[in-house]
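Here is a colleague's note to read alongside the structure shown below. Please keep the view open while going through the points.

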Amino acid sequence: MEQVPIVKIGQTLFVSIQIDLQDDTVVRLQEDLADELSRTGASGVIIDITAVEIVDSFIGRMLTMIGSISRLFDAETVIVGMRPAVAITLTELGLSLSGVRTALNAEKGLEILNGKS
Amino acid sequence: MDELPIQSGDDVVRVRQQVRTAAAENGLSLVDQTKLVTAASELARNTLVHGGGGRARIEVVKSANGRAGVKLHFADEGPGIADIGLALTDGWTSGNGLGLGLSGARRLVDEFELDSKPGTGTTVMVVKWSR
Amino acid sequence: MDVGGTGTRMADYLRDQREKVVSRWSELVVAGVRGRTSLDEVRREVGDLYTLIIRVLSDADDHAAGELRAVLDELSRARARNGFTPSETALGMFSLKEAVYELVADTTDMVPEFLTFSRMIDDLGLRTFEAYSAAREQIISDQATTMLELSTPVVRLWEGIIAVPLVGTLDSARTQLVMEKLLDELVATGADHAVIDITGVSTVDTEVAQHLLKTVSAARLLGAECTISGIRPQVAQTIVSLGIEFGDIATKATLADALALALRQAGLKVVPA
């Protein structure tokens, strides 16, 4: 099982997903993020899914859960770089990922995180 | 026609990749490829998690007016689905809180057939056509 | 096509009379298409068909029926693409019946054979009609796709603000295209605001509203905020009476109002020069 690296820059945790996501990888990411948020007190999480070609209902739900977990640590999550084809498919699946913010790229994601404080 | 085992998370990823290849090679648009692979992901996961493991088959088909399409076949010998109508309702979830994703998968494809009986397992067949 | 003894006898008869029948058949076909195909070309086409028909009638091999169907289908598709009418296409088959009938009309001993033959030709004639229809539908569908592509522009209103003026109907096929173009443009321009103008949408019912909501939902996943503009008074009344809820999506009467809102949200102000 692969592990997705989490990088801390300033008050933000950056996650860039570059691999084909297996279920346990996503679950592991969720656990790791919870650990890091608790350990560092970061106030924001940016998850970059520019390289992700498939987001199905399981992964979609996990992303929403990550948003909820972050909020418990008083941190906001922004999902960035969703591909048009993925967005259209998620919409068709009826998933709106409410509870997480979204942005076109990491730069805009940071603007959102900085704007909130 | 390829037959692939579904016994682990790695297998699910492999199924996704093979479906992606088949879809791309047969003229499906990028969005349609994504929809088909996402549906395959849902169904493969069901086969693994709820069916106790099974197999998938990928087939290239041709419609009556000559268009190419990709047909997927998922089968398992798991516990089966007691109430198919309910399972196909949007938002239905099984006992452990994770939705079966069947209704979602159905919306992403052009043709969808589900056969399941408690005790004899489940088979799902889907087709997505190129435009 | 299981035709039995009568089939074999008919096959023999057709083999003997080949020259006469093929000539007459070709004549009838050329007359039917009013000279749009040359006699030589027709003779070639019908010659091949004739051979296949004899093979099927005599039940000589397993492949004949399949081959005949394939050749007929291709011929029908070609006719469809070249603008022949369905009748002209089906006539190709029915005139064979005519040609043979002219020869056997005076004899009484070929009746059962001719009946079997006639039934077979009827089936083939219907088949050419089916193949023709399918080909025409494909052509129409391709044209519709092209029209769809041409009528869905996405324009840049301002830095970070794009607009999609929708004209005509908004069905699910159109919605798919709108979503794709809108999202691709959002990525290309880095825009964070999209205005979907429905002034030109003829009917706004529950289905259209759902399509609009889907489009907004997809754009939001890319971080863009959306405004729906072009709500005409009658449309507003219809929406309310149908109980459609646009929730937290901003709606405006005109594209201008929507632009003003988007500029405000972007922190911009328009001042006199």
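This is a predicted model: local features need pLDDT of at least 70, side-chain atom pairs count only at pLDDT 80 or more; totals for chains, interfaces and linings use all residues.

1. Chain B holds 4 helices and 5 strands, and from the N terminus on its elements follow the order β-α-α-β-β-α-α-β-β. Its radius of gyration is 14 Å, close to the 14 Å that the globule rule gives for 131 residues, so chain B is as compact as a globular protein of that length. The C-alpha trace of chain B spans about 40 × 30 × 25 Å along its principal axes.

2. Within chain B, buried residues account for 39% of the 131 residues. If one takes the contacts in chain B between residues at least 6 apart in sequence, 62% of them join residues that are at least 24 apart.

3. The contact between chains A and B draws 16 residues from chain A and 21 residues from chain B. On the side of chain A that touches chain B, the elements giving two or more residues are α1 (23-40), α2 (57-72) and α3 (84-93) of chain A, and the largest share, 6 residues, comes from α3(A).

4. How do α3(A) and α8(C) pack? The angle between α3(A) and helix α8 (residues 206-221) of chain C is about 135°, and their axes lie 9 Å apart; because angles over 145 degrees would count as roughly antiparallel, α3(A) is described as oblique to α8(C). The crossing of these two helices, α3(A) and α8(C), is right-handed. From α3(A) the contact is made by A:A87, A:I88, A:L90 and A:T91, and from α8(C) by C:K214, C:S217, C:A218 and C:L221, a set that divides into 5 nonpolar, 2 polar and 1 charged.

5. Two loop residues of chain A deserve a look at their backbone angles. A:D74, which sits in the loop between α2 and β4 (76-80) of chain A, has a phi near 60°, a positive value in a residue other than glycine. A:L97, in the loop between α3 and β5 (101-103) of chain A, likewise is not a glycine and has a positive phi of about 50°.

6. Is each of these residues buried or exposed? A:D74 counts as exposed because it has 10 C-beta neighbours inside 10 Å, whereas A:L97 is buried, with 21 other C-beta atoms within 10 Å.

Conventions:
Residues are numbered from 1 along each chain as its sequence is written. Chains are lettered from A and ligands numbered from 1 in the order in which they are written. Two residues are in contact if their C-beta atoms, placed from the backbone, lie within 7 Å. The radius of gyration is taken over C-alpha atoms; the globule rule is 2.2 Å times the number of residues to the power 0.38. A residue is buried if 20 or more other C-beta atoms lie within 10 Å of its own, exposed if 12 or fewer, and partly exposed in between; C-beta atoms are placed from the backbone. Axes are lines fitted to C-alpha atoms, for helices over the stretch in contact, and angles run from 0 to 180 degrees between N-to-C directions. Angles under 35 degrees count as roughly parallel, over 145 as roughly antiparallel, 65 to 115 as roughly perpendicular and the rest as oblique. A crossing is left-handed if the near helix is turned anticlockwise from the far one by less than a right angle, and right-handed if clockwise. Ala, Val, Leu, Ile, Met, Phe, Trp, Tyr, Cys and Pro count as nonpolar, Asp, Glu, Lys and Arg as charged, and the others, Gly among them, as polar.
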